[in-house]
There are 2 protein chains.
Amino acid sequence: MGEFELIAAINQDQPQREDTSVGPGDDAAVVAAPDGRVVVSVDMLVDGVHFRSDWANGEQIGRRAALAAMADIAAMGAAPTSLVVAVSAPGTTPTDLLLGIAKGLREAAVEAGAAVVGGDTTRSETLTISVTVLGDLRGAPPVRRSGARPGDEVAVTGRLGWAAAGLTILSRGFRSPAALVNAYRVPEPPLSAGITAAASGATSMIDVSDGLLADLGHIAEASGVSINIRRAALDVNPRLVEVASALGKDPMEWVLSGGDDHPLVATFPHGASLPPGWQPIGTVGVAGDDGPTVTVDGSRHEGPGGWDHFR
Amino acid sequence: MGEFELIAAINQDQPQREDTSVGPGDDAAVVAAPDGRVVVSVDMLVDGVHFRSDWANGEQIGRRAALAAMADIAAMGAAPTSLVVAVSAPGTTPTDLLLGIAKGLREAAVEAGAAVVGGDTTRSETLTISVTVLGDLRGAPPVRRSGARPGDEVAVTGRLGWAAAGLTILSRGFRSPAALVNAYRVPEPPLSAGITAAASGATSMIDVSDGLLADLGHIAEASGVSINIRRAALDVNPRLVEVASALGKDPMEWVLSGGDDHPLVATFPHGASLPPGWQPIGTVGVAGDDGPTVTVDGSRHEGPGGWDHFR
């Protein structure tokens with residue numbers, strides 16, 4: 001299947017939103033931006049780095065790419081509306097894999113209320129997917145990384161550590177438990193929770209892609225604050241405990257440092273009632289003499305995925 | 001330089017438009033979409049396919065990526081406003097090359113009245129650049145590929161065949177004439193001509209990236225018409241004639257089939273006065289029994305880059 005046939009096959013069955021005036025197949029798409037602003041973000045996923053085409057099928061890879069990218073839009077407090085996708089792939093890539101990726105992208109977009117409105121395909125020695133997502137703030141101000149204030153409460157919603165556990169399992173050559181392996185293959189970011197958090201007064205927000213401590217580090221840096229997390233407040237799913245014990249790992253490391261689940265972590269004013277599904281895990285404090293920090297139970301975390309690792 | 005330092009270095013000196021409320025450095029950017037719609041398109045460029053890092057420096061590669069992507073927005077009759085860029089690169093890529101690419105992207109964007117508002121960087125075995133451009137139609141309807149009507153005039157603005165000549169020169173191991181080699185390294189798409197064409201009533205438009213005949217084929221297909229080009233109406237720059245003669249090539253092949261210059265080709269109602277810089281090159285007719293076609297002086301073009309090659 002040549003480049004043009006592939007594009008035609010992909011474009012053919014892309015359901016579109018009613019407010020999109022030009023969908024796929026032209027030089028560019030024209031989509032609605034009803035409040036006069038548009039939120040935009042891009043994520044690039046590379047075979048062997050962000051996914052492995054021998055560990056997941058095309059549909060899973062496509063879903064993952066779409067969901068990871070849409071999580072960035074959710075983290076601003078916006079709803080994803082449109083995706084534009086570029087895929088480069090070796091000439092030897094099975095057509096089924098490419099069509100599967102397109103299907104996964106399409107379905108994940110539609111389930112989130114969005115649509116794939118355009119794309120580009122090209123040859124490359126490395127299978128690479130770039131997903132740009134547009135989003136709608138529906139009149140609300142964006143929730144930035146820089147708004148956390150001393151006294152704020154830190155809360156999280158979504159899975160923590162599942163994908164990291166799944167990756168460890170796959171790396172050891174195992175394929176189960178399915179719940180964890182599938183969590184690595186296809187994340188379940190709580191996309192609509194970002195809008196609810198914004199409406200509930202979230203002062204800052206980020207989606208966890210580098211790891212909880214690392215991403216809280218981005219908030220601490222941008223807001224000029226220090227953040228302390230309470231270990232006891234973090235849910236460690238029993239499945240994680242079980243697998244960690246079998247593999248000789250510490251499940252808390254997956255929770256604190258694992259990326260790829262794309263939960264949302266946000267700060268809320270002290271005393272605010274958190275929206276459903278959000279769990280308080282820590283507090284925001286004044287930055288000390290050594291600048292913004294992220295601590296766990298008052299101490300720097302020394303693990304490999306700790307925040308210092310990313311500075 | 002690690003991923004985070006690189007992003008910081010790139011983000012630091014990105015000039016922003018006044019109407020951009022959130023620029024680089026957050027989960028997503030928030031940009032203005034003043035007329036309630038946004039035009040969006042993505043282009044992916046791969047080392048060894050769309051450019052060669054041994055044939056151009058980083059700044060040239062970045063400029064090329066930005067200009068090629070912005071040409072798609074111009075071809076809708078819109079003005080580019082914002083770029084989001086994803087770059088994946090091998091760990092051995094010189095930092096200077098990456099910073100050069102960022103500089104080229106930034107400068108080309110700013111010169112076109114746009115700005116780089118966000119991005120992603122990641123590891124890969126293949127240097128890959130994806131550029132998504134947002135554009136503003138300023139209240140005008142988009143100019144699509146599907147609007148050409150029998151009787152319309154076909155016109156072009158911008159260079160044809162220069163980049164193809166430059167590529168041939170570089171492929172043969174030469175480095176001059178500089179004007180042609182540089183045309184391949186950095187195209188000069190007539191970005192503002194798209195808006196003028198739209199205002200002058202252009203019925204369809206496309207930017208030439210696959211070759212004049214191939215891209216007119218996209219218009220013919222989408223509009224359900226046939227298009228005939230007059231060879232004598234096509235300017236062949238004397239530099240092309242000279243180099244073609246030295247290399248034993250036919251310069252008209254470069255003009256008809258060369259991509260990468262990103263001129264704009266559009267159709268206008270018969271008798272409309274063309275905007276400055278647009279040159280009439282052919283006419284639109286009714287599609288025959290064998291469907292939409294593109295002909296040159298009434299005949300199918302048999303060259304390797306002819307339209308049939310792309311069907």
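Predicted model: local features only at pLDDT ≥ 70, side-chain atom pairs only at ≥ 80, totals over all residues.
## Two domains in chain A

Buried area is the accessible area, taken with a 1.4 Å probe, that two parts lose on being put together, summed over both. An automatic or database assignment divides chain A into domain 1 (3-136) and domain 2 (145-310). Taken over C-alpha atoms, the centres of the two domains lie 26 Å apart. Each side brings the following to the contact: 20 residues from domain 1 of chain A and 20 residues from domain 2 of chain A. Together domain 1 and domain 2 of chain A bury about 1,600 Å², with 65% of this area on carbon and sulfur atoms.

What polar links cross this boundary? Between domain 1 and domain 2 of chain A there is 1 salt bridge, and 3 residue pairs are in polar contact, both residues at pLDDT 80 or more. A:D260 and A:R64 meet through their side chains in a salt bridge, at 3.2 Å from N to O. On the domain 1 side of this contact, helix α2 (residues 58-74) of chain A gives the largest share, 9 residues. Sorted by class, that side of domain 1 holds 13 nonpolar, 3 polar and 4 charged residues.

## Where chain A meets chain B

Now for the contact between the chains. Here 58 residues of chain A touch 58 residues of chain B. Chain A and chain B bury about 4,300 Å² between them, and 60% of that area is on carbon and sulfur atoms. The count of salt bridges between the two chains is 6, and 23 residue pairs are in polar contact across chain A and chain B, with both residues at pLDDT 80 or more.

Which elements of chain A build its side of this interface? At least two residues each come from α1 (3-12), β1 (29-32), β2 (37-46), α2, β3 (79-89), β4 (115-123), β5 (128-136) and β7 (204-207) of chain A. Of these, β2(A) gives the most, with 9 residues. By class, the side of chain A that touches chain B has 30 nonpolar, 14 polar and 14 charged residues.

## A salt bridge between the chains

Side chains of opposite charge can pair when their charged atoms come close. One such pair is A:R145 and B:D27, whose side chains meet in a salt bridge at 3.4 Å, N to O. Over all chains, a search of the whole structure finds 28 salt bridges. As for where this pair sits, A:R145 lies in the loop between β5 and β6 (153-157) of chain A, while B:D27 lies in the loop between α1 (3-12) and β1 of chain B, so the pair joins two chains.

## The open sheet of chain A

Strands of a sheet pair through backbone hydrogen bonds, either parallel or antiparallel. Chain A has an open sheet of 7 strands with mixed pairing, in the order β7-β9-β6-β10-β8-β11-β12. Its edge strands are β7 and β12 (299-300) of chain A, each of which pairs on one side only.

Inside this order, strand β8 (residues 225-229) and strand β11 (residues 294-296) of chain A pair in the parallel sense over 3 bridges. A:I227 has A:V294 in β11(A) as its bridge partner.

Key: Residues numbered from 1 in each chain as written. Chains lettered and ligands numbered in written order. Heavy atoms only, no water. Contact = heavy atoms within 4.5 Å. Salt bridge = Lys/Arg side-chain N within 4 Å of Asp/Glu carboxyl O. Polar contact = N/O pair within 3.5 Å; in protein donor to acceptor, adjacent residues only side chain to side chain. Helix = DSSP H or I, 4+ residues; strand = E, 2+ residues; numbered from the N terminus. Nonpolar A, V, L, I, M, F, W, Y, C, P; charged D, E, K, R; others polar. Pairing = 2+ DSSP bridges.
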